[in-house]
Amino acid sequence: MSMKASNWDTLQEVLVREGVTRKAFSGEGATLALHVLQPGHEPKPHSHTYEQIVYILGGKVKFHIGEESVLLEAGGLLVVPPDVMHYAEVIGDEPVYNLDVFTPKRDEYAS
């Protein structure tokens, strides 16, 4: 076994699209990703094969999952099941800091 270690401050920040950035770190079975959503970004409904656990560090966001929605603020937690259409909508004028855990790991988020 070879240890994998890094420093969050030195990880590359990726522009996902206008108003959305991401930093990510993966192990063998899961990915940790910080998404920063700016007010006014265009929400993009999508689904993926990964389970996603959402933890809101700051800001206010309305998460839409399937036919349901929930308002989350700092400390809010949410599970997005695999293969379910979802998206996030920033509420207010503050950026949203959204820490996600994906399982299994997301190879396209490689770090």
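# Chat about salt bridges and strands

Me: Which side chains do E108 and R106 bring together, and in what kind of contact?
Reply: They meet in a salt bridge, at 2.6 Å from N to O. Keep in mind that this is a predicted model.

Me: How many salt bridges does the structure hold?
Reply: Three. Another one joins K105 to D107, with the closest N and O atoms 3.8 Å apart. There is also K44 with E42, at 3.7 Å from N to O.

Me: Why would side chains like that pair up at all?
Reply: Opposite charges can pair when the charged atoms come close.

Me: And how open are K105 and D107?
Reply: K105 is partly exposed, with a relative accessible area of 26%. D107 counts as exposed at 55%.

Me: Switching topic. Where is the cis peptide bond?
Reply: From T103 to P104, with omega near -5°. P104 is found in the segment after β9.

Me: What does T103 stand opposite?
Reply: E51. That pairing belongs to β4 (residues 51-58) and β9 (residues 96-103), which run antiparallel over seven bridges.

Me: What sheet are β4 and β9 part of?
Reply: An open sheet of six strands, in the order β1-β2-β3-β9-β4-β7, with antiparallel pairing.

Me: Which strands stand at the edges, and why does that leave a side without a neighbour?
Reply: β1 (14-17) and β7 (77-80). Each has a single partner strand, so one side of each is left without a neighbour in the sheet.

Me: How much are neighbouring strands turned against each other?
Reply: By 30° on average in this sheet, ignoring direction.

Me: What holds strands of a sheet together in general?
Reply: Backbone hydrogen bonds, in either a parallel or an antiparallel arrangement.

Me: OK, what about β5 and β6, how do they pair?
Reply: β5 (residues 61-65) and β6 (residues 68-72) are antiparallel, with five bridges. In that pairing, F63 stands opposite V70 in β6.

Me: What's going on at the turn of that hairpin?
Reply: Two residues sit between the strands, and G66 takes a positive phi near 60°.

Me: Which residue other than glycine has a positive phi?
Reply: D83, with phi near 65°. D83 lies in the loop between β7 and β8 and counts as exposed, at 54% relative accessibility.

Me: How does β8 run against β5?
Reply: Antiparallel, joined by five bridges. One of the pairs is V61 with V90, which is in β8.

Me: Which face of β8 is covered?
Reply: The one with H86, A88 and V90. Y87 and E89 are on the uncovered face.

Me: How far is D93 from P39?
Reply: Their C-alpha atoms are separated by 5.7 Å, although the two are 54 residues apart along the chain.

Me: Which residues make the nonpolar surface patch?
Reply: L32, I53, V79 and V101, covering about 270 Å². L32 is in strand β3 (residues 31-37) and is partly exposed, at 31% relative accessible area. That is enough for L32 to be counted in a patch, because the cut-off there is over 30%.

Me: Last one: what does UniProt list for residues 35-102?
Reply: The record gives "domain: Cupin type-2", and the entry is unreviewed. In the model, that stretch is 0% helix and 54% strand. Its end C-alpha atoms are 12 Å apart.

Technical notes. Residues are numbered from 1 along each chain as its sequence is written. This is a predicted model: local features need pLDDT of at least 70, side-chain atom pairs count only at pLDDT 80 or more; totals for chains, interfaces and linings use all residues. Side-chain values use heavy atoms; hydrogens and water are left out. Two strands pair if DSSP finds at least two bridges between them. Helices (H or I, at least four residues) and strands (E, at least two) are DSSP runs, numbered from the N terminus. Axes are lines fitted to C-alpha atoms, for helices over the stretch in contact, and angles run from 0 to 180 degrees between N-to-C directions. UniProt positions are given in the numbering used here, feature names are shortened, and annotations may be inferred rather than shown by experiment. Patches are made of residues with over 30% relative accessible area and no salt bridge: like charges are joined within 9 Å, nonpolar side chains (Val, Leu, Ile, Met, Phe, Trp, Tyr) within 5 Å. Accessible areas come from the Shrake-Rupley method with a 1.4 Å probe; for residues, only the protein chains shown count as cover. A salt bridge is a side-chain nitrogen of Lys or Arg within 4 Å of a carboxyl oxygen of Asp or Glu. Buried means under 20% relative accessible area, exposed over 50%, partly exposed in between (1.4 Å probe, protein chains only).
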